[in-house]
Amino acid sequence: MVNALAQMADAPVLIIGDMVADVYLDGTIARISREAPVLVLEQREERVVAGGAANVANNAATLGGTAYAVGVCGTERSGDALLAVLSANGVRTEFVRADAYPTITKTRIIAGGRATVSQQIVRVDREWHAPLDAETEEALLARIRQLLPQVCGVVLSDYGSGTVTARVRRLVIEETRRLGIPSIVDSRYDILSYAGIGYVKQNDAELAAALERTLLSEEEIHAAGHELRERLSADGVLITRGDKGMTLFLADGSATNIPVSDHSEIFDVSGAGDTCVAVMILGLAAGVVPLTAARLSNIASGIAVRKRGTATVAQEELRAAVFAAEGAC
């Protein structure tokens, strides 16, 4: 796997999808409001980190790849902040900015006191649900067409907010197949519409929902993974399974279980799937065999879940974890 990491350095990849600004408002509990029986927080800090497809791009960059990000965001302060976060890590942003589509934000309010543990008390989401207008969609398609010949791998990160339209989906699937570029999709709600995609990443709950059945046993998980791959005519399907690790299903009929790489305490699973996808596409783009790319993504995801909040994994962190894993074998 160490050799695979060297291959992945500087691999150019394109991430397309719902670009999210994850906002964290940290506050100290001051008192109970006189207006209503609610807490009054004195705000200490406001942080903006990349979420959704933006987190995939951010991870691809911090892991040593050359990451291009295409999506839609607004022209307000949240959009500026998201662009700044990505640019700071070297992501090459190719956003379509439009007043009609405010930046997707997920604001988490974190409360605590001197004698209490800080914890999330509420989350406020802002999304747009109207379809993209013709002008915005054409601008998005134009940027994708321009960048496709410059990259060696493509991610479609579909959180259901509307960036990955049917035309975007069709363009990416058709052109990556024509150009021989590996592609991967992570779609929370609509995976069955991605027939022809190269690789698929789903968690076990999303797999069960997509196939409309309960998956309780190992046999049922394996049958469902093979079925999803066949229905989409995909090259491979990677199913993440929490404390059971991952399972990779390939077109040759194989199914390989990849156990959890590190059983240390899990702090937060937010964004771990994005880290998984980023490593997988970097590996595929660099010509790493799919099983090795999946094993690397498993190790990287294990690093991500030990961090609080939506986090990235650095190239050096992954390299150290790979050396540790191989030394233990």
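1. Accessible areas come from the Shrake-Rupley method with a 1.4 Å probe, and for residues only the protein chains shown count as cover. By this method the chain exposes about 14600 Å², and carbon and sulfur atoms supply 50% of that area.

2. Two remarks on the basis of this note are in order. The model is predicted: local features need pLDDT of at least 70 and side-chain atom pairs count only at pLDDT 80 or more, while totals for chains, interfaces and linings use all residues. Residues are numbered from 1 along each chain as its sequence is written, and side-chain values use heavy atoms, with hydrogens and water left out.

3. The overall fold may be taken next. The chain comprises 10 helices and 15 strands; helices (H or I, at least four residues) and strands (E, at least two) are DSSP runs, numbered from the N terminus. The radius of gyration of the chain is 20 Å, close to the 20 Å that the globule rule gives for 329 residues, so the chain is as compact as a globular protein of that length. This radius is taken over C-alpha atoms, and the globule rule is 2.2 Å times the number of residues to the power 0.38. Along its principal axes the C-alpha trace spans about 65 × 50 × 40 Å.

4. Of the 329 residues, 51% are buried, where buried means under 20% relative accessible area, exposed over 50%, and partly exposed in between (1.4 Å probe, protein chains only). Among contacts with a separation of 6 or more, 67% are between residues 24 or more positions apart; a contact means heavy atoms within 4.5 Å.

5. What kind of aromatic pair do Y101 and W128 form? The structure holds one aromatic pair, and Y101 and W128 form it edge-to-face, with 4.9 Å centre to centre and 70 degrees between the planes. Rings of Phe, Tyr and Trp (its six-membered ring) pair if their centres lie within 6.5 Å; planes under 30 degrees apart count as stacked, over 60 as edge-to-face and the rest as tilted. Y101 lies in the loop between strand 7 (96-97) and strand 8 (104-112), and W128 in the loop between strand 9 (119-126) and helix 4 (134-147), so the pair ties together parts that are 27 residues apart in sequence. Both Y101 and W128 are buried.

6. Helix 2 (residues 53-62) has 10 of its 10 residues buried, so it is largely enclosed by the rest of the structure. These buried residues include A53, N55, N58 and T62. Helix 2 is followed by G64, whose phi is positive, near 105 degrees.

7. R169, in helix 5 (residues 166-179), counts as buried at 14% relative accessibility. Leaving aside neighbours within four places in sequence, R169 is in contact with L156, V164, D190, S193 and Y194. K201, in strand 12 (residues 199-203), is buried with a relative accessible area of 5%. Not counting residues up to four places away in sequence, K201 touches several residues, among them D186, L238 and C276.

8. Is D10 buried or exposed? D10 counts as exposed, at 56% relative accessibility, and lies in the loop between helix 1 (2-8) and strand 1 (12-17). Phi of D10 is near 70 degrees, a positive value in a residue other than glycine. S233, likewise not a glycine, has a positive phi of about 50 degrees; its place is in the loop between helix 7 (218-232) and strand 13 (236-240).
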